[in-house]
Amino acid sequence: MAFSFRAVLLGLAALSCGLSGCGLDQHPAYSSNVKYGVRKDPILKASASLRKYAPERDDPDRPGVFPVMKFADIFKGDHPYRKATESLWTNGVNRVAKRTGRDAKAFDLGNLHLSADDVSDFAVALDGVLRDPTQISDSDRSTLESELESRFGTPASPKVNIANLSSNAAEQTALNDAAQKLKLDDKTLAMGSTRYRVHCLHCHGVPGDGRGPTSRWVNPHPRDFRAGLFKFHSIDQTKGPSDRPPSRDDLMRTLREGLEGTAMPSFNLLTDEELESLVSYVMHLAIRGQAERDAINEEFKWVAEGDSARLERDKTKNIKTNVEQSVAFYVKRWAESNEPGAAIVVRPFPFDPNDVEKFKASVKRGQEIFNTNPSPETTKHFVALVLPRRIEQEFQKEVQKVKERSKIGVTEEALKKAYAEAEYDIGLQVRDEMVKEIEKTKGVKLSGNQIDNIHADAVKSDKFKARFEAAKPKIKAALEKSPELPKDLREQIRKKLEPDFAEKAANALKAGNCIQCHLDYGRQARFRFDDWGTLTRPNNLSLGVFRGGRRPVDLYYRIHSGIHGNMPPNAFVGNEEYLWDLVNFLTVLPYPAMREKLGLRID
């Protein structure tokens, strides 16, 4: 009995130790046999095409449908891609019919049964929208995998190898510095890999493809990092490309706080070092995925082979070079997003936030802007606020022109143009003098053709030449003299802008067009394809669930620079007061008591 009791105690102690992770590595590394491989799921080449052929729908995707695992999936049952691509299927049917000798009219598009060769024919037909990487030969896949592994390593030994990416010493040094600032060193990535394996893999998958074991049953679907797109960020997308990646701080905030209303939890219990390593590892997966995607899209082309076709390497290109160029390009892009000047500049709210009446007016304007229905009062407000600013902008442009002209001096081109204008004017003067003298002497009225003939003689005359030579020093001196702006220039600009400014103001206030996607404030929004090729529904804003954060500044970020993959940047750059009107409206919208207090009606 004593022995039995002692055994039980020892068993409980062992179990307790096991459950607490005592003496065990809580973050074991991947096996060295695990590889990223080369993707086999379809590459969405043109999300706009999906939206074009199947722009909106009322029904969501069924559980287990997305993410798409293989190209053949899209031909099953009521898969959403069927409706999005059926108009392109005729070419696929014709290819199958030609290869097999079957009658194209006999195909039942609603009940397709495709062989592997048939799928290849359809892969050619749909390649403008979806590319099927499984059509790449095993040898070419092996070559691409080898090049990717040389630059990015394996899950057990991840890296971002930037060695010898540029023959230019300065450019290579800049790449080295960028990788260091981005914390893409092997040690950080190794820690990030082990944390990712335990905390992230089950949703986001080994290569970061959003196709982990739980992914098909999670909605919203886990992010596919390989596209390099992240919805929630603080980077200004109105300057330069509109697909700039987030900063490290943006990714850190997502890890710390999670995403409200999704399966993405907070990982705030991890240490700062662990979170930093996860950020680095996610960046590693994104850069690798972008390089892989670019190589598959750019290095391969369809080659006819009898009645069939195959996806073959373009012999005029080089996979190794393509991967190297992609690594350099995307490392630079991520580094740029982490520069201080890349962040959205949040303009201060232009009114006293404690002034209830002004806040109420702001919320009212926000609702009108949201619904693209600005009242005359709101339009008048826009004119009063923005017109003086536009006048000053145009005035400063003229000031700058004068400064540039003074700095540059008289250019050869400017002098040549001034001489040409003087030649023309002096030619007309001499011609008119000659015509007047002839008509007076002969007492006749000359015809248009006769005057034209006299003009040809006038510009060859000694009088013209003498007058033009005498004018040249004066022309040059006038150009060299510093130009002066008219004293009433601002008033001149006002008179030029004012007549149609109210109409332009109304159009500008409608440009946001929030209601186009968020119909009835999102309560009747329809499903649409995003840039990852999954179905999403614009947010029901009346519920007050804001995945990217509910702070006013979070809403400001979303409206200012959009949401990658779903929502474009705003139309109010330079007039950020109206961003704040939208922010104020959205902060009030979910709360009936606040709406009632401020006189806001949404029904």
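Modeller: Buried means under 20% relative accessible area, exposed over 50%, and partly exposed in between (1.4 Å probe, protein chains only). This is a predicted model, in which local features need pLDDT of at least 70, side-chain atom pairs count only at pLDDT 80 or more, and totals for chains, interfaces and linings use all residues. Residues are numbered from 1 along each chain as its sequence is written, and side-chain values use heavy atoms, with hydrogens and water left out.

Biologist: Is Y521 buried or exposed?
Modeller: Y521 is found in the loop between α19 and β5; helices (H or I, at least four residues) and strands (E, at least two) are DSSP runs, numbered from the N terminus. Its phi is near 60°, a positive value in a residue other than glycine. The relative accessible area of Y521 is 7%, so Y521 is buried.

Biologist: What is the relative accessibility of N513?
Modeller: N513 has its place in the loop between α19 (501-510) and β5 (528-529). Its phi is positive, near 50°, in a residue other than glycine. N513 counts as partly exposed because its relative accessibility is 28%.

Biologist: What is omega for the cis peptide bond that joins F66 and P67?
Modeller: Most peptide bonds are trans. P67 lies in the loop between α2 (47-53) and α3 (80-85). The bond joining F66 and P67 is cis, with omega at about -5°.

Biologist: The peptide bond from N219 to P220 is also cis. In the loop between which helices does P220 lie?
Modeller: For N219 to P220, omega is near 5°. P220 lies in the loop between α9 and α10 (248-257).

Biologist: How far apart are the end C-alpha atoms of helix α8?
Modeller: The expected span of a helix is 1.5 Å times one less than its number of residues. Helix α8 (residues 186-199) has 14 residues and should therefore span 20 Å. This agrees with the model, where the end C-alpha atoms are apart by 20 Å.

Biologist: Which helices do the buried residues of α8 pack against?
Modeller: The buried residues of α8 are T188, L189, G192, S193, T194, R195 and Y196. Contact means heavy atoms within 4.5 Å. Those buried residues pack against α9 (201-204) and α11 (272-298).

Biologist: Which residues touch the most other members of the largest nonpolar core?
Modeller: A nonpolar core is a set of buried Ala, Val, Leu, Ile, Met, Phe, Trp, Tyr and Cys residues joined through side-chain atoms within 4.5 Å. The largest nonpolar core has 78 residues, and those that touch the most other members are F71, Y196 and V331.

Biologist: By what distance are the C-alpha atoms of Y578 and P350 separated?
Modeller: Y578 lies in helix α21 (residues 577-588) and counts as buried because its relative accessibility is 0%. Leaving aside neighbours within four places in sequence, Y578 is in contact with R365, I369, H381, F382, L385, V386, L509 and F572. Y578 and P350 are 228 residues apart along the chain, yet their C-alpha atoms are separated by 10.0 Å.
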